[in-house]
Amino acid sequence: MADPEVVMFNFWASPFGTRVRIALAEKGIKYEYKEEDLKNKSPLVLQMNPVHQKVPVLTHNGKPVCESLVIVEYIDEVWKDKSPLLPSEPYQRAQSRFWADYVDKKFHEVARKVGTSKGEEQETAKKELFDCLKLLEAELGDKPHFGGDNIGFVDVALIPFYDWVYACEKCAHFNIETECPKFTAWAKRCMQNESVANSLPDQHKVYDLVMLTRKKYGLD
C-alpha cells in the first residue's frame, strides 16, 4: 500500500523522474504516483515548483522537494537505514555529487543534441557523446558500480539515460556496445538490480517518443 505521506509527480519517460523512482525502490518506500502532462502541468505542480515548473516533484508530509538530484539526496538522508546511496566519507560524497552534476550538465545535454539533430551537427554530437561516456568509463574504473559493489548516487543519476542512449543509437546509427563496451557492461549490471529494472520505462516506447519529436521538428 502506498504511503499517503509520500507522493511523486512525474512524466513517465523522464530520466530525471526515473532517478527518483529508483531511489524510492532502493529504500523500499511505498508512495503514491501521479502522472503529469508536460504540456499541461497541473496547477499543483506549478505551485509546488514555482521556480522551474518542472517534474519530478516529491512531496513528503505535504512539503515539496524539487529537482531530481536534490530529491534523491533528500530520500537518502531521510530514509538512511537502508541502501545508502551517497558515501559517508566527505571527499567521496563530494566526488559523487561532482559526477552526478557532470551527468546533468554535460552528458544529458550532449545526448539530447544527438537525438534532436541531424547531419554534421549530429555527427559532432555523437563524438561528444562517446567522449563523455569514455570519461565516465574511466571514472568507473574496475568497480562494478560507481558506488562500488552496490549502486550509488552516480549510478542512480546515470542509468535512467540508458533507454535514451538506445533511442540515440537508432536515430544516429551507431552501436554503443562497440563504442563504449564498459558503459554497456555497467548498464547491464545495473539492470540486474530489481529497483532499476522495475523503474526504467520501456526503451522502445522511449524510442517512439524520440522519433515523434524528430518528425515534429522535421528532422526525419
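Biologist: Which helices does the loop that holds His 173 lie between?

Modeller: His 173 is found in a loop, so the elements on either side of that loop give its place. Helices (H or I, at least four residues) and strands (E, at least two) are DSSP runs numbered from the N terminus. On that numbering, the loop of His 173 runs between α7 and α8 (176–179).

Biologist: What kind of model is this?

Modeller: Residues are numbered from 1 along each chain as its sequence is written, and side-chain values use heavy atoms, with hydrogens and water left out. Local features need pLDDT of at least 70, side-chain atom pairs count only at pLDDT 80 or more, and totals for chains, interfaces and linings use all residues, since the model is predicted.

Biologist: Is His 173 buried or exposed?

Modeller: Buried means under 20% relative accessible area, exposed means over 50%, and partly exposed lies in between (1.4 Å probe, protein chains only). The relative accessible area of His 173 is 67%, and therefore the residue is exposed.

Biologist: What is the phi of His 173?

Modeller: Most residues other than glycine have a negative phi. His 173 is a residue other than glycine, yet its phi is positive, near 60 degrees.

Biologist: Where is Asn 61, and what is its relative accessible area?

Modeller: Asn 61 is found in the loop between β3 and β4 (63–66), and it too has a positive phi, of about 55 degrees, although it is not a glycine. Asn 61 counts as partly exposed because its relative accessible area is 47%.

Biologist: Which peptide bond is cis, with omega near 10 degrees?

Modeller: Most peptide bonds are trans. The place to look is the loop between α2 (43–48) and β3 (57–60), where Pro 56 lies. The cis bond, with omega near 10 degrees, runs from Val 55 to Pro 56.

Biologist: How far apart are the C-alpha atoms of Glu 89 and Pro 56?

Modeller: Glu 89 has its place in the loop between α3 and α4, and it counts as partly exposed because its relative accessibility is 34%. Along the chain Glu 89 and Pro 56 are 33 residues apart, and their C-alpha atoms are separated by 28 Å.

Biologist: Why does His 108 count as buried?

Modeller: His 108 lies in helix α4, and it touches Phe 16, Val 103 and Phe 161, not counting residues up to four places away in sequence, with contact meaning heavy atoms within 4.5 Å. His 108 is buried because its relative accessible area is 18%.

Biologist: What is the angle at which α4 and α7 pack?

Modeller: Axes are lines fitted to C-alpha atoms, for helices over the stretch in contact, and angles run from 0 to 180 degrees between N-to-C directions. Helix α4 (residues 90–115) and helix α7 (residues 162–172) have their axes 9 Å apart and pack at an angle of about 35 degrees.

Biologist: Which residues of α7 make the contact with α4?

Modeller: From α4 the contact takes Phe 107, Ala 111, Val 114 and Gly 115. From α7 it takes Val 165, Cys 168, Cys 171 and Ala 172.

Biologist: How far apart are the axes of α5 and α9?

Modeller: Helix α9 covers residues 181–191, and its angle with α5 is about 65 degrees. The axes of α5 and α9 are separated by 9 Å.

Biologist: Which residues of α9 make the contact with α5?

Modeller: On the α5 side the contact is made by Leu 133, Glu 137 and Leu 140. On the α9 side it is made by Pro 181, Lys 182, Phe 183, Trp 186 and Arg 189.

Biologist: Which residues does Thr 18 touch?

Modeller: Thr 18 is found in helix α1 (residues 15–27), and it counts as buried because its relative accessibility is 1%. Not counting residues up to four places away in sequence, Thr 18 touches Pro 160, Ser 199, Leu 200 and Pro 201.
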